[in-house]
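The sequence and the structure come first, and the description follows.

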Amino acid sequence: MRALVVDPGAPGSLRLGTVPRPRPAPHQLVLDVRHISLNRGEVAFAGRRPAGTVHGYDASGVVVHSAADGTGPSAGARVAAFGAGAWAQRMAVDTTAVAEVPAGVDLADAAALPMAGVTALRTLRSRPVLGRRVLITGAAGGVGRYAVQLAALGGAHVIASVGSPARAEGLAALGAREVVVGLEGIDRPVDLVLDTVGGPQLTAAWELLAPGGDLRSIGWASDEPAVFAPLSLFSVGPSKTISTFGDVHEVGPDLAALLEFVAAGRLSPESDRRGSWERVTEAAQALLNRRIAGKVVLDVEPAAAD
């Protein structure tokens with residue numbers, strides 16, 4: 001079968017190649033992949049994986065073989081999936097990491113949800129947001145645009161931070177009460193920060209936290225170090241916290257919740273570019289150069305029948 005594999009000598013360290021079909025474990029189903037979604041982080045770090053590795057984690061398609069242990073959807077079900085080796089014509093994936101796609105939801109839209117959507121959902125669930133001031137950095141990206149929508153659904157006052165005025169487009173319509181470039185103009189403390197930028201902006205966002213506030217580091221798009229001044233992590237009063245947040249264990253139920261939001265018209269998949277996976281180099285470069293607002297979805301040619 002064909003797949004997108006790691007090749008350090010290829011543009012973006014990815015190329016289409018030929019690999020064996022997956023051999024599922026008893027708790028895994030086999031998916032006939034129809035669409036895949038690219039995340040900026042996995043594109044940026046593709047070259048760090050062993051050559052020949054089937055890359056990617058987000059996919060949607062139709063179950064071609066159900067799991068041998070009897071769990072999960074049956075053959076013929078339309079599902080979204082999260083798992084290693086997703087960027088291929090067929091993938092084997094744990095049944096705990098898939099969710100059936102509701103009628104009326106396009107499979108291409110479903111492919112845009114897993115990594116970015118689940119990251120945003122689980123991070124926001126880490127503390128109550130109703131009536132809270134929530135700052136989301138890198139808000140124009142895949143995780144950011146989902147986080148803006150979900151925080152607004154949860155009743156938060158959402159502040160969306162972007163890297164340039166051009167990146168601000170559409171965020172107010174998604175639920176942001178304030179849209180700022182960098183952290184300029186934020187004149188009141190915030191209760192929760194979802195940071196996807198890292199570097200100096202992370203340390204500046206820390207200074208904006210109210211007593212008892214939390215900063216969740218869920219990305220590092222700046223690729224710059226974060227340097228804290230002496231005593232800057234100390235504060236009087238209720239403790240402030242900073243932590244990573246990247247739990248992607250057994251995402252099926254949360255992926256199902258996101259799909260239901262989409263089906264109800266309460267969550268937009270925010271796919272900014274769609275095309276053939278033959279054009280992965282072009283799509284990956286657009287992501288790395290921050291020319292994408294939201295997600296990239298690529299269409300996969302069908303595999304030959306078994």
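## Salt bridges

A salt bridge is counted where a side-chain nitrogen of Lys or Arg lies within 4 Å of a carboxyl oxygen of Asp or Glu. The model is predicted, so local features need pLDDT of at least 70 and side-chain atom pairs count only at pLDDT 80 or more, while totals for chains, interfaces and linings use all residues. Residues are numbered from 1 along each chain as its sequence is written, and side-chain values use heavy atoms, with hydrogens and water left out.

A search of the whole structure finds 15 salt bridges. One of them joins the side chains of Glu278 and Arg2, at 2.8 Å from N to O. Glu278 lies in the loop between β14 (271-276) and α8 (280-288) and Arg2 in strand β1 (residues 2-6), so this pair ties together parts that are 276 residues apart in sequence; helices (H or I, at least four residues) and strands (E, at least two) are DSSP runs, numbered from the N terminus.

## Arg122 and the α3–α7 crossing

Arg122, Arg125, Asp247 and Asp254 are linked in a network of salt bridges. Within it, the closest N and O atoms of Asp254 and Arg122 are 2.7 Å apart. Because Asp254 lies in helix α7 and Arg122 in helix α3, their pair ties together parts that are 132 residues apart in sequence. Arg122 is buried, with a relative accessible area of 12%, and Asp254 is buried at 9%, whereas Asp247 is partly exposed at 42%; buried means under 20% relative accessible area, exposed over 50%, and partly exposed in between (1.4 Å probe, protein chains only).

The axes of α3 (residues 114-124) and α7 (residues 252-263) come within 10 Å and cross at roughly 95 degrees, where axes are lines fitted to C-alpha atoms, for helices over the stretch in contact, and angles run from 0 to 180 degrees between N-to-C directions. The contact (heavy atoms within 4.5 Å) involves Pro114, Gly117, Val118, Leu121 and Arg122 of α3 and Asp254, Leu255 and Leu258 of α7.

## Covered and exposed positions

Helix α6 (residues 199-208) is mostly covered, with seven of its 10 residues buried, among them Leu202, Trp206 and Leu208. The cover over these buried residues includes strands β8 (133-136), β9 (157-162), β11 (190-195), β12 and β13.

By contrast, Val236, in the loop between β12 (209-217) and β13 (241-244), counts as exposed at 71% relative accessibility.
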